[in-house]
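Subject: The structure, and what turned up in it

Hi,

Please have a look at it first, and then read on for what was found.

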Amino acid sequence: MAIPHSKPSIHAADLAAVSAVLKSGHLAQGRKVEAFERELGRYIGVKAGVAVNSGTSALHLSLLALGVGTGDEVIIPSYVCSALLNAVLYTGATPKIADVGLDHFNITMESARRQLTKKTKALIVPHMFGQAADMKALAALDVPVIEDCAQSLGAAYGGRKAGSFGVLSVCSFYATKLLTTGEGGMILSNNTKLLDKVRDLREYDSPVDSKVRYNYKMTDLQAALGSSQLARLPAFIARRKKIAAAYDQAFKGSGVTVPYKAAGQDHIYYRYVVKVSPGQKAFLKKLHNKGVDVSIPVFKPLHHYVKTAECPAADKLMAQAVSIPVYPDLSDAQVQYIIKNAI
Ligand SMILES: *Cc1c(COP(=O)(O)O)cnc(C)c1O
């Protein structure tokens with residue numbers, strides 16, 4: 001049995017939605033994009049959204065909307081993909097790397113505070129693997145927060161959806177994310193002025209001035225797929241939680257540390273990340289040999305790209321964490337097969 005690490009869930013409704021756009025003859029950014037922006041804004045509980053062509057573009061435009069540029073500093077966590085680092089570097093700003101919590105994998109207030117200076121212009125907070133970071137603690141730093149919901153679309157913190165706390169929030173709809181448009185992203189906010197800036201920068205042509213702009217637009221083809229997927233997001237999340245509960249139950253007492261779930265938080269298991277210590281490498285190999293594509297969740301922590309600070313927790317997680325397949329189309333039989341071979 002070959003089980004991939006991740007797999008998009010594409011149903012007949014998705015095919016119908018995309019082919020309707022193809023038949024309409026209007027493929028580029030148009031009404032379908034506007035509809036998807038409205039729907040996701042409503043779902044998260046913010047005023048509006050601006051769709052773009054990737055999560056990385058969403059991060060880049062969010063930073064530009066906040067006026068981030070050369071001479072400014074932006075705090076980001078170490079234990080995350082390099083999209084965050086790249087977005088900061090695109091603006092000319094200096095990335096400052098903070099460590100994460102060993103149990104919850106999210107950026108901690110204490111380590112972020114150590115990176116705080118007079119030059120700090122923003123803090124990017126990714127909610128890792130489906131569980132929100134401690135937004136209340138991080139708000140105490142009094143720095144504009146960009147929430148990165150690429151891995152936590154639909155997760156909640158204290159009863160409110162992740163993505164409704166930051167001054168701006170970003171999503172990614174890459175093929176492996178909670179819902180997909182192939183590639184895609186969105187910026188969400190209650191601040192219409194900031195969103196106007198983002199909307200302005202998304203297209204290169206402007207009758208107003210000759211400032212440098214981008215081509216970061218989403219297509220109607222993608223947005224139609226996004227809307228169709230969003231309608232099933234609650235069902236996707238329910239299935240992810242069900243699979244996670246089966247793993248939690250099976251791994252109890254097996255030497256594999258199951259994901260930590262913080263009180264008052266709604267973990268939606270974008271990834272089911274366990275800790276295997278010692279024996280991470282052997283565990284990966286054992287499952288690979290059985291056709292299960294387990295993976296390390298982060299390939300290179302960001303403090304190894306730019307050496308601004310030590311991040312001992314991120315280094316520890318590199319040697320312990322393993323991501324086990326969890327996605328809506330994973331069958332019960334596949335879940336049982338994974339469990340049987342993991343313990
Ligand atoms: C995937 C991801 C991104 C990048 O999104 P793309 O759409 O692939 O550009 C950014 N941040 C986090 C936390 C992600 O998981």
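In α3, the buried residues are Gly55, Ser57, Ala58, Leu59, His60, Leu61, Ser62, Leu63 and Ala65. Buried here means under 20% relative accessible area, exposed means over 50%, and partly exposed is in between, with a 1.4 Å probe and protein chains only as cover. That makes nine buried residues of the 11 in α3, a helix that is mostly covered. Helices (H or I, at least four residues) and strands (E, at least two) are DSSP runs, numbered from the N terminus.

Before going further, a word on the source: this is a predicted model, in which local features need pLDDT of at least 70 and side-chain atom pairs count only at pLDDT 80 or more, while totals for chains, interfaces and linings use all residues. Residues are numbered from 1 along each chain as its sequence is written, and side-chain values use heavy atoms, with hydrogens and water left out.

Back to α3 and its two ends. At its start, a side-chain oxygen of serine 54 comes within 3.3 Å of the backbone nitrogen of threonine 56. After α3 comes glycine 67, with a positive phi near 80°.

α3 (55–65) and α4 (83–90) are the elements that give two or more residues to the shell around the ligand. That shell holds 14 residues, and Gly55, Thr56, Asp148, Ser172 and Lys177 are the closest; a residue is near a molecule if one of its heavy atoms lies within 4 Å of it. By class, six residues of the shell are nonpolar, six are polar and two are charged. For those classes, Ala, Val, Leu, Ile, Met, Phe, Trp, Tyr, Cys and Pro count as nonpolar, Asp, Glu, Lys and Arg as charged, and the others, Gly among them, as polar.

Which atoms come close in polar contacts (pairs of N or O atoms within 3.5 Å; within protein, one must be able to donate a hydrogen and the other to accept it, and residues adjacent in sequence count only if both atoms are side-chain atoms)?

- Aspartate 148 has a polar side-chain atom 2.6 Å from a nitrogen atom of the ligand.
- Glycine 55 has a polar backbone atom 2.7 Å from an oxygen atom of the ligand.
- Lysine 177 has a polar side-chain atom 3.0 Å from an oxygen atom of the ligand.

The protein buries 89% of the 380 Å² that the ligand exposes when taken alone. These accessible areas come from the Shrake-Rupley method with a 1.4 Å probe, and for residues only the protein chains shown count as cover.

A few loop residues are also worth a look. Phenylalanine 129 lies in the loop between β4 (120–126) and α6 (135–139), and its phi is positive, near 65°. Phenylalanine 129 is buried because its relative accessible area is 3%. Tyrosine 269, in the loop between β10 (265–266) and β11, also has a positive phi, near 55°. At 5% relative accessibility, tyrosine 269 is buried.

Where is proline 278? Proline 278 is in the loop between β11 (272–275) and α9 (280–289), and the peptide bond to it from serine 277 is cis, with omega near 0°.

Threonine 180 sits in the loop between β8 (168–172) and β9 (185–189); it is buried, with a relative accessible area of 4%.

Best wishes
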